[in-house]
There are 4 protein chains.
Amino acid sequence: MVVVMSADAEEADIQAVVTVVEGAGGEAFVSRGVNRTIIGLVGDVEQFGTLNLHALRGVTDVVRISVPFKLVSRENHPDRSVVRVGGVPIGPGTMTLIAGPCAVETPEQTLQAARMAQAAGATLLRGGAFKPRTSPYAFQGLGEKGLRILADVRAETGMPIVTEVVDAHDVELVASYADMLQVGTRNMQNFALLQAVGGVGKPVMLKRGMNATIEEWLMAAEYVAQRGNLDIVLCERGIRTFEKATRNTLDISAVPVAQRLSHLPVIVDPSHSGGRRDLVLPLTRAAIAVGADGVIIDVHPNPESALCDGPQALVDDDVRELAQTVRDLPPIVGRTLATA
Amino acid sequence: MVVVMSADAEEADIQAVVTVVEGAGGEAFVSRGVNRTIIGLVGDVEQFGTLNLHALRGVTDVVRISVPFKLVSRENHPDRSVVRVGGVPIGPGTMTLIAGPCAVETPEQTLQAARMAQAAGATLLRGGAFKPRTSPYAFQGLGEKGLRILADVRAETGMPIVTEVVDAHDVELVASYADMLQVGTRNMQNFALLQAVGGVGKPVMLKRGMNATIEEWLMAAEYVAQRGNLDIVLCERGIRTFEKATRNTLDISAVPVAQRLSHLPVIVDPSHSGGRRDLVLPLTRAAIAVGADGVIIDVHPNPESALCDGPQALVDDDVRELAQTVRDLPPIVGRTLATA
Amino acid sequence: MVVVMSADAEEADIQAVVTVVEGAGGEAFVSRGVNRTIIGLVGDVEQFGTLNLHALRGVTDVVRISVPFKLVSRENHPDRSVVRVGGVPIGPGTMTLIAGPCAVETPEQTLQAARMAQAAGATLLRGGAFKPRTSPYAFQGLGEKGLRILADVRAETGMPIVTEVVDAHDVELVASYADMLQVGTRNMQNFALLQAVGGVGKPVMLKRGMNATIEEWLMAAEYVAQRGNLDIVLCERGIRTFEKATRNTLDISAVPVAQRLSHLPVIVDPSHSGGRRDLVLPLTRAAIAVGADGVIIDVHPNPESALCDGPQALVDDDVRELAQTVRDLPPIVGRTLATA
Amino acid sequence: MVVVMSADAEEADIQAVVTVVEGAGGEAFVSRGVNRTIIGLVGDVEQFGTLNLHALRGVTDVVRISVPFKLVSRENHPDRSVVRVGGVPIGPGTMTLIAGPCAVETPEQTLQAARMAQAAGATLLRGGAFKPRTSPYAFQGLGEKGLRILADVRAETGMPIVTEVVDAHDVELVASYADMLQVGTRNMQNFALLQAVGGVGKPVMLKRGMNATIEEWLMAAEYVAQRGNLDIVLCERGIRTFEKATRNTLDISAVPVAQRLSHLPVIVDPSHSGGRRDLVLPLTRAAIAVGADGVIIDVHPNPESALCDGPQALVDDDVRELAQTVRDLPPIVGRTLATA
């Protein structure tokens with residue numbers, strides 16, 4: 001940490017900072033400049049964070065110079081991690097395709113979507129039984145009935161299932177069915193939920209908040225990790241910007257940036273970021289090429305009747321093109337399509 | 001709703017839209033233009049929303065032309081509402097000052113802060129016992145012990161209390177102490193929490209999500225209202241933009257815009273939006289002048305030792321200036337400082 | 001400036017930074033921490049900026065700790081400046097109302113709008129003869145004919161005129177008519193234009209770019225100031241964010257922030273930021289209350305036939321309310337309405 | 001266009017809209033709903049845009065339903081265009097690599113960078129002689145001397161040159177040396193400059209404004225096209241968002257979106273969007289995979305001494321990896337590396 005003093009800070013102000021830092025067990029290195037003085041702090045940054053150095057007289061700024069997360073940081077864990085979901089790896093070396101319907105509606109629709117997903121090369125099945133919806137008047141999901149449908153389709157197809165949990169008190173229920181728990185973009189800072197999924201012993205997919213910085217996303221992962229669960233997969237799904245041609249702006253750079261800061265796998269959701277079917281395949285290609293460890297995609301046997309996000313679901317023709325993409329593109333970037 | 005057809009849509013595509021809309025009990029008015037055709041829909045918009053018209057062949061765009069919220073809408077409730085918190089009104093005609101410490105730390109600190117708040121003209125006491133924090137390593141609040149301190153200070157000062165709840169399953173506990181429940185910016189789309197606070201019979205202060213549009217904010221209020229609770233106060237607290245000189249960008253226009261769309265009172269949090277003590281008084285003046293129904297402000301007897309957001313808390317000198325502002329400015333905009 | 005070394009930087013990397021800095025005539029203070037080393041630089045920051053320290057081995061980050069502008073900085077010029085436009089002051093102590101039509105259309109319309117402006121309390125007349133328009137198919141302004149109309153209306157009303165210049169090569173022409181040159185939001189980083197208006201000896205109103213940080217805005221002012229012209233007034237006019245209920249988001253906090261960083265006057269444009277007539281008066285009140293040195297407002301005798309931005313122009317009834325606001329509100333914040 | 005009437009609009013208000021529209025030679029189709037009436041307009045949209053329908057009594061909203069650009073629109077020109085720069089194609093079927101130094105500094109540095117570019121597979125040379133800089137204290141480019149160096153390097157290497165022009169009055173000078181004129185992000189709405197480059201008969205590369213929507217970008221291209229020049233290449237280079245880990249956020253979705261709206265080629269600048277060398281190769285791969293018609297990349301023989309944007313320039317090792325990428329990746333998406 002660096003404390004920047006104002007141009008008119010007095011010697012006593014500088015000494016006060018030094019005293020406070022040393023009182024907290026740290027060291028303070030004072031660099032006196034022509035116009036202003038800066039003080040470099042060495043020691044326990046968490047501790048310094050509680051000192052309210054900002055509030056001391058003569059202090060203009062306090063600049064943090066190391067990352068605030070630990071367990072998920074790559075600094076302390078240089079090798080990139082592999083997370084296994086029911087035997088399917090997500091991590092370096094592979095490119096994992098997760099696909100399925102946005103929402104579970106009926107057993108038939110779910111099974112058909114799972115077959116489409118498999119035809120495309122997917123080894124994990126996505127599908128929502130609990131849906132967070134902006135409007136209280138929109139379809140909220142089938143709840144436990146949806147989870148049972150997913151379990152039946154898993155039995156039929158052999159695909160492990162990834163499904164969302166939206167309330168801390170449903171975590172045990174959802175975990176009793178799911179192979180991987182998804183925390184959605186609107187819940188990325190629902191800290192009670194993060195802690196609950198951290199304690200239940202299942203892999204977690206943590207979507208980036210649509211307004212969250214990469215650093216805040218990693219701090220949210222740290223909440224999960226703190227409960228002893230490091231099987232976390234980060235999922236970039238677009239951020240909110242001024243551009244309205246797409247539902248959100250896919251932050252493709254976030255993939256290599258997060259992979260450099262954290263050892264956790266990073267995947268991309270090209271369906272929800274664009275919100276348009278015609279963008280799903282181009283964005284999938286961009287995601288694989290940039291080095292994502294996987295992609296998660298909406299497919300639906302009959303999108304015009306979908307209860308949720310129909311306009312962005314892939315249909316049959318697209319599935320053939322997707323299959324070709326996930327077969328041909330990963331080898332160009334040194335990866336192979338993940339299998340169970 | 002208006003359905004816009006693409007330039008190359010065929011007559012059969014147009015008829016397909018008409019058929020779907022009429023099948024759902026609506027009426028469809030077709031306007032054929034030189035370059036493209038548009039279809040105006042009349043009937044139940046909620047119903048149309050489930051039709052996935054986007055997915056039909058030849059459809060370019062579906063434009064909603066009425067607001068998606070009902071209970072909180074001013075269209076259906078032209079008079080602006082007054083919400084009473086322990087006898088203190090928040091609404092048109094008055095300007096209510098809510099003040100107190102960001103976090104409850106000790107009985108002494110809380111009482112001192114409450115006395116500062118009263119000296120400034122506040123009639124409601126704010127103070128957090130449960131704190132949502134970006135970092136799992138930061139102070140998370142005193143929990144129920146903090147609620148008891150707040151209750152004691154209420155007994156001592158007579159000020160009703162406003163305090164945050166961060167988990168749906170703490171709602172009953174917090175409601176058993178609080179006069180008003182606060183839902184924070186990170187929880188604006190925690191739908192389980194919104195429904196829980198909607199069902200507990202206490203007034204609710206709903207902070208705008210830092211990434212939420214005004215429409216999404218009103219939809220979140222609709223979740224609360226749906227449970228039968230219309231005692232909701234909206235609180236603008238800054239949105240996330242590219243500007244980094246302030247912690248968030250106070251969206252001052254959101255006050256008149258939300259007041260025009262909704263009958264609910266709208267207040268402003270100048271402390272958290274700016275994140276800087278030197279901005280609190282100017283932003284408070286802006287908020288009162290723009291027509292806010294109240295402001296909520298951090299005060300702390302000793303900000304340099306605050307466990308949370310010390311840099312933005314007002315101190316003694318500021319309190320005197322704040323007292324003068326809330327006395328002199330409201331009458332210029334046709335309001336009086338609210339009293340119990 | 002502070003150079004932050006990576007955790008695995010070697011002693012040789014640290015020495016390389018020191019050598020480069022000392023070679024440029026600076027001093028380098030090394031603070032070795034447990035995890036990483038930081039190096040504080042003292043000397044000529046401009047000079048350090050050219051050293052490409054980022055590119056040296058082992059360097060993680062280079063943090064600037066002082067502001068990059070000089071002539072417009074308040075650090076070097078603690079008293080806030082007053083800019084005089086044809087005898088009308090803009091600066092501390094006063095609140096200056098600038099009003100008029102968005103675009104000059106006819107002599108009658110311009111004169112009528114000027115009379116409306118005067119009735120509201122305005123002492124400066126705004127009006128555009130050269131209009132920057134997003135669409136090449138939109139009305140681009142009357143050009144020199146518009147300037148002559150403005151000059152005639154000035155002769156008739158006695159109001160000095162503020163008008164926009166959009167091309168460096170029109171600066172002399174526009175300056176031969178205008179009392180103050182306006183640089184618009186789309187041209188805030190048109191450096192050729194900034195330098196041209198800096199050299200022509202007339203006061204300049206510099207609108208903030210809708211995507212510009214406050215720091216970039218002050219750097220743009222520095223371009224003007226470098227040519228010897230310090231008669232610059234900064235104008236906040238809204239920034240681009242995700243919120244679409246208003247055309248732009250008025251960054252009301254930018255007023256006190258810019259006034260703290262720079263000695264230049266700061267005014268607000270409530271008409272263009274909101275883009276809606278119903279927001280102009282509330283935002284005008286917010287601007288005055290937050291401490292703006294002035295406001296600039298669109299008025300039009302007949303907005304439904306305006307060739308530019310009609311929806312946001314004030315009409316007769318509003319003008320009476322505006323007159324009351326600019327008379328009653330400034331004294332509450334220690335200012336008086338500016339007169340010639 | 002669709003005019004949405006307010007819930008309390010009267011029959012006379014509706015008739016007034018119809019009358020105005022018909023008076024302008026259009027047709028108005030009225031759809032009366034239970035809650036509100038909408039009016040579909042058919043005819044000349046440009047004409048309707050000047051009617052100020054927003055300002056009529058009872059009008060809530062005016063919704064545009066067709067794109068506002070014509071010459072660059074794909075609606076009127078379904079085949080995607082190829083732009084040729086000194087014999088090198090940019091367009092569908094090929095992937096064109098443009099590379100070179102951010103700024104021209106010396107003949108040696110420029111020639112060395114050109115050789116690096118060629119080694120990577122580049123067939124066009126980029127290099128700036130006129131640099132727009134945020135700070136007036138930063139290096140502004142060598143001007144005409146830089147253009148002469150570029151011409152010499154072209155003679156030596158055979159690579160056509162792409163270089164930026166920042167002032168309308170330098171357009172003829174720059175065009176006398178350059179094979180393609182670049183308009184930078186800060187000048188995307190410098191309309192005088194757009195018109196000047198439109199009239200000089202050389203291909204134009206138009207960078208997206210960092211705050212510009214895709215629609216505004218295409219409107220800027222329309223300004224150039226209006227002067228008779230349709231040899232325009234669009235360049236996505238990142239937009240400004242809240243995320244600070246990268247200099248800007250590369251909007252990778254903008255490539256397929258712009259290609260669908262316009263027939264013009266779309267390329268990507270991975271160097272300036274990320275602002276970090278370690279992101280250039282991943283983002284280049286993403287750009288090619290998403291379907292960009294080209295990429296433009298900074299290379300520098302000696303980045304630590306670069307006068308401009310050194311931290312993002314590729315060096316020797318990267319160049320080998322880049323060569324492999326531009327050879328292996330385009331065929332996967334049905335393209336070949338462009339040659340002269």
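The structure is a predicted model, in which local features need pLDDT of at least 70 and side-chain atom pairs count only at pLDDT 80 or more, while totals for chains, interfaces and linings use all residues. Residues are numbered from 1 along each chain as its sequence is written, chains are lettered from A and ligands numbered from 1 in the order in which they are written, and side-chain values use heavy atoms, with hydrogens and water left out.

Of the contact residues of chain D (heavy atoms within 4.5 Å), 100% recur in chain A, so the same surface serves both copies.

The contact between chains D and A takes 34 residues from chain D and 34 residues from chain A. The buried area is about 2,700 Å², with 73% from carbon and sulfur atoms; this is the accessible area (1.4 Å probe) that two parts lose on being put together, summed over both. Four salt bridges are counted between chain D and chain A, each a side-chain nitrogen of Lys or Arg within 4 Å of a carboxyl oxygen of Asp or Glu. Glu243(D) and Arg208(A) form a salt bridge, with the closest N and O atoms 2.7 Å apart. On the chain D side, α8 (254-261), α10 (277-290) and α11 (316-332) each give two or more residues. Helices are DSSP runs (H or I, at least four residues) and strands likewise (E, at least two), numbered from the N terminus. The largest share, eight residues, comes from α10(D).

The contact between chains B and D takes 21 residues from chain B and 20 residues from chain D. Its buried area is about 1,700 Å², with carbon and sulfur atoms giving 72%. Zero salt bridges are counted between chain B and chain D. Strands β1 (2-5), β2 (27-32) and β3 (37-42) of chain B each supply at least two residues of the side that touches chain D.

Over all chains, four aromatic pairs are counted. Rings of Phe, Tyr and Trp (its six-membered ring) pair if their centres lie within 6.5 Å; planes under 30 degrees apart count as stacked, over 60 as edge-to-face and the rest as tilted. Phe191(A) and Tyr223(A) are stacked, because their ring centres are 4.4 Å apart and their planes at 20°.
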